[in-house]
Amino acid sequence: MARLTIIKEGDPLLRKHSKLVTDFSPRLHTLLDDMQETMLHANGVGIAAVQVGVLYRMAVLLTDEFGIVEIINPVIKTAKNPRVSSEGCLSCPGISGRVRRPHLVTIDYQDRDGKSHTQTFHGRDAVCCGHEMDHMDGILFIDKLQN
């Protein structure tokens with residue numbers, strides 16, 4: 001596995017919409033492995049592909065309930081229990097703030113082999129999921145800061 005460079009806020013790539021993943025080849029598996037290594041080395045709990053310069057709709061999450069979860073082409077089916085909580089971002093080092101997000105989300109997604117799944121995330125895991133899915137649409141948490 002390799003550690004990738006994390007793109008920082010101000011890079012226009014972070015504001016682009018990511019594309020659907022259609023090729024579930026070993027190359028994709030390597031990218032997911034490298035994203036995981038990069039996230040863990042940076043002490044993160046989530047990283048989207050765009051944060052390492054790849055415009056694919058996918059992310060790696062470090063969840064409390066399920067451990068490492070790779071979400072590819074995720075779609076939110078249910079979002080409930082919105083709350084304001086503190087967030088940070090690997091692409092915005094040194095910045096944290098309060099953001100309102102659902103604390104229960106159910107998503108449909110694919111795994112690294114293209115198999116479909118439905119999963120419900122709670123609490124911090126739901127916040128992380130929403131945060132990373134925002135990256136796929138060019139949205140940063142700093143765009144949603146609350147007072």
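Which residue in β5 does Asp108 stand opposite? The close-up views below, taken from a predicted model, begin with that pair.

**View 1. Asp108 faces Thr118 across a strand pair.** Thr118 of β5 is the residue opposite Asp108. Strand β4 covers residues 96–110. It runs antiparallel to β5, and 7 bridges join the two.

**View 2. Five strands form an open sheet.** The order is β1-β2-β3-β4-β5, with antiparallel pairing. Strands β1 (46–48) and β5 (116–122) are the edges, each pairing on one side only. On average, neighbouring strands are turned by 30° against each other, direction ignored. Strands of a sheet pair through backbone hydrogen bonds.

**View 3. Helix α1 packs on the sheet.** This helix spans residues 26–41. It touches β1, β2 (58–63) and β3. The direction of α1 makes about 45° with that of β2.

**View 4. Helix α2 also packs on the sheet.** Its contacts are with β1, β2, β3, β4 and β5. The direction of α2 makes about 85° with that of β4.

**View 5. The largest pocket has a volume of about 270 Å³.** Its lining holds 17 residues. Closest to the pocket centre are Val45, Glu87, Gly88, Cys89 and His131. Two elements give two or more residues to the lining: β3 (67–88) and α2 (123–136). Helix α2 supplies the largest share, 5 residues.

**View 6. The lining of the largest pocket, by residue class.** Polar residues number 8. Another 6 are nonpolar, and 3 are charged.

Methods. Residues numbered from 1 in each chain as written. Predicted model: local features only at pLDDT ≥ 70, side-chain atom pairs only at ≥ 80, totals over all residues. Heavy atoms only, no water. 1 Å grid on protein atoms, 1.4 Å probe; cavity = no way out; pocket = protein on both sides within 12 Å on 5 of 7 lines; lining within 4 Å. Points joined across faces, edges and corners; volume = space filled by probe spheres on them. Helix = DSSP H or I, 4+ residues; strand = E, 2+ residues; numbered from the N terminus. Nonpolar A, V, L, I, M, F, W, Y, C, P; charged D, E, K, R; others polar. Pairing = 2+ DSSP bridges. Axes fitted to C-alpha atoms, helices over the stretch in contact; angles between N-to-C directions. Contact = heavy atoms within 4.5 Å.
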